[in-house]
Amino acid sequence: MADQYYFRGGVHPAEGKKLSSGQAIQVPPLLESYVVPLMQHIGAPPKPVVKKGDTVLRGQLLAQPGGFISAAIHSPTSGTIKDIGVCMGPVGLETPAITIASDGDDTPDESLTPLNWHTASRDTLRERIAAAGIVGMGGAGFPANVKLTPPLEKPIDTVILNGVECEPFLTADHRLMLEQCDRIIQGALILGRILDVTDIFIGIEENKPDAIEVMRQKTAGTTITVAGLRVRYPQGAEKQLIYAVTGRKVPTGGLPMDVRCVVNNVATCAAVADAVNDGKALYERVTTITGTPVTTPGNWLLRVGTSVEEALKLVGGVKKDPAKLLLGGPMMGMSIYDLSVPVMKNTSGILLLASDEVEQFTSNACIRCGRCVDVCPMTLMPGSLSVAIENEAFDLAEAGFAMDCIECGACAYACPSHRPLVQHMRRAKAEITAARRAAAAKK
Amino acid sequence: MDNDNTSSREAAVHLPDMEKLVVSSSPHMHSGEDITRVMLMVILALVPACLCGIYFFGIGALWVLLLCTASCVGFEAFFCKLAHKPNTVPDLSAALTGILLGMNLSASSPWWICVLGAFIAMGLGKHIYGGLGYNPFNPALVARVALLIAFPGHLTTWVAPRGATAAGAALTAASDGVSTATPLYAVPQALQQGGEVTYEYMSYFLGRIGGCIGETSALALLIGGLFLIALKLIRWQVPVAFIGTVAGLTALIQFVSPETQPTPLFHMLTGGLFLGAFFMATDMVTSPMTRRGAIVFGVGCGVITTAIRAWGVYPEGVSFSILFMNALTPFIDRYSSRKPFGIAKRKDKK
């Protein structure tokens, strides 16, 4: 058992996980078509390698990485390329996408052959992870192979699996840990082999005792340690998780590798295991479809490119009209208004909130109560920063470490004045980044 | 919406109405805490002390409290209108200021003292700076101190408390038997004149002494203060540091000159210390945001209060000390601001 370190701050919103935590992962029937966006990750846009009218197989490469920090995109089923155009993306802007008309056979592509991870070279394993298009499935969508290729001067000694799932309502990772822990453990060991690391931790919040129990049983005799963590949002934020498990603090502006750690979501680990052991590209994931307006909330193995509309049909639609539709959890998820937005590699949840759960506020002046200061997991001063940002004093915001904000939303959750603290921080980060670029360009 | 029988099973699935979907930035959940609730809880916490004031000083105390509150609410509405701002009366902050102002006045205050106090609190204390959140000084204290300087007679004429003991009454009685001095004035004076003093700690603790309406009952204020601390609406660091500093320093002073200085317990239980420490120094808008800052603030208040009580011309220094520390709050905030997560590490490397 690892020593536990408690990060300062944090909040404990109502969990709402009981709606779907008892529902086993279900597999939906094939759809007639899938709209696969190209930008499902952080980094450069991938380049399509197919053209309209091509026939493709399930798992066949549709677009190859457009740079080192980029990711490959694969077909979710077999069929023909109906269109290479655009679709509505989660941020409310159109984004490039490839539409596949399913042929109904779901014939697999077998160009990626199974590897033996015990014997395959590290580079072969890394290439496989890149070839399978694996990105961080917890939310950010950072290409996994990049994380696994740290520069030589940054040695890694610890791999941490993120099974915290601290966002309310989401249960996809929870179900995955309960039902498919072997895949996760395999993936963890593969990551350990790639990075030549034996210290592997799985961090799970203590509100999932069954998952902790299963994981402890299955990891007995391995170098994997299961760490039960305090239930406190945002326990699953990368820096807070590293601190909770190892006691190391990622330096300001730094990355996990600065404290010799690599963090991956449990779903990402399962995808790594599939890519290596079965030669399977990342084209489907477990997504929680939930919320009080949902008829039958559940956890579904959705293929990338499934529209939110089709996903909602799987759960029987809604009992009452929701006031908000979110991709991801309620604390950091994105609200969307268009049901044609497709599920992507990092869509951990489709969440509907009823009108009585969605309050619209008028923001007031900061009353300096200090709640935000108490709950900020990065120990910033969000209230003072937001006042500075309101006055466009971005130099003050920078001096107050606005760039360290992880946008977890704990401050805005706690603020009795309903101030848009996260928006303020985002604005400051954009302005500071722009100013830094301008300064760099001058030199 | 027609739902005829011929429609397919798929169409029967009710999907979200896109027109009704709200798009906004994360987070999409809120704790439910809002300013009105915070203010309401503080007002509730003041109820025991107000009831004690009314019990000990009679119905006049109730009128003072009501008049101050009503005037503050009225002036709040007036100044909001004057500044073309939305009416902020419903957030209850003006009502709270009014109650605090009333608690800081004598039960024998004439009506115009209350109204003028409310005008100063809302106008010079709050709205001249832009309203709630922007005022650097506690509005109720601004009004109290302005009145104290302008009308010292009205602010220091006290009503004899109901049920005061004979010894206590003798100690604090003035010539007419209605006005009475506070122990904080009478006891040090008696000591300095070489007289014998009997401390009536139980009277001080319950509030059976002369003074402002809301300041005399340490017990009632303690109940309200603990309630607020339990709800995490105020930082315990402020009252603990404030009262602790006063106790420590007065103990030191009494140790040096035991003949002429009252005991630390006397200093803790009399005057406006509990009211100031639990309800005035903890005002969110005018006190530091960090825990560390709260301790500095409390200690500063304690030092100034003790200095004024021991050596100043005024018998009481709580109001002045809090206003002084209010002025220092931006500095305290600045120098007590915390290192963000991960900063210490970077310094280790250097």
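**Reading strands, helices and a chain contact**

In this predicted model, strand β13 (residues 284-290) of chain A is mostly covered, with seven of its seven residues buried.

Me: Which residues of β13(A) point one way and which the other?

Reply: A:E284, A:V286, A:T288 and A:T290 point one way, while A:R285, A:T287 and A:I289 point the other way. Residues of both groups are buried.

Me: In which sense, parallel or antiparallel, does β13(A) pair with β14(A)?

Reply: The pairing with strand β14 (residues 298-303) of chain A is antiparallel and runs over six bridges. Within it, A:T288 stands opposite A:N299. β13(A) also pairs with strand β17 (residues 349-354) of chain A, here in the parallel sense over three bridges. There the bridge partner of A:T288 is A:G349.

Me: What describes two packed helices?

Reply: The angle between their axes and the distance between the axes. For helix α3 (residues 172-179) and helix α5 (residues 209-219) of chain A, the axes come within 9 Å and cross at roughly 35°. The crossing is left-handed. A:H174, A:M177 and A:L178 of α3(A) meet A:D210, A:A211, A:V214 and A:M215 of α5(A). By class, the contact residues are five nonpolar, one polar and one charged.

Me: How many residues does each chain bring to the contact of chain A with chain B?

Reply: Chain A brings 63 residues and chain B 42. On the side of chain B, α2 (35-57) and α17 (343-349) each supply at least two residues. α17(B) gives the most, with four. That side of chain B has 20 nonpolar, twelve polar and ten charged residues.

Definitions and conventions
Residues numbered from 1 in each chain as written. Chains lettered and ligands numbered in written order. Predicted model: local features only at pLDDT ≥ 70, side-chain atom pairs only at ≥ 80, totals over all residues. Axes fitted to C-alpha atoms, helices over the stretch in contact; angles between N-to-C directions. Left-handed = near helix turned anticlockwise from the far one by under 90°. Contact = placed C-beta atoms within 7 Å. Nonpolar A, V, L, I, M, F, W, Y, C, P; charged D, E, K, R; others polar. Buried ≥ 20, exposed ≤ 12 C-beta atoms within 10 Å, placed from the backbone. Pairing = 2+ DSSP bridges.
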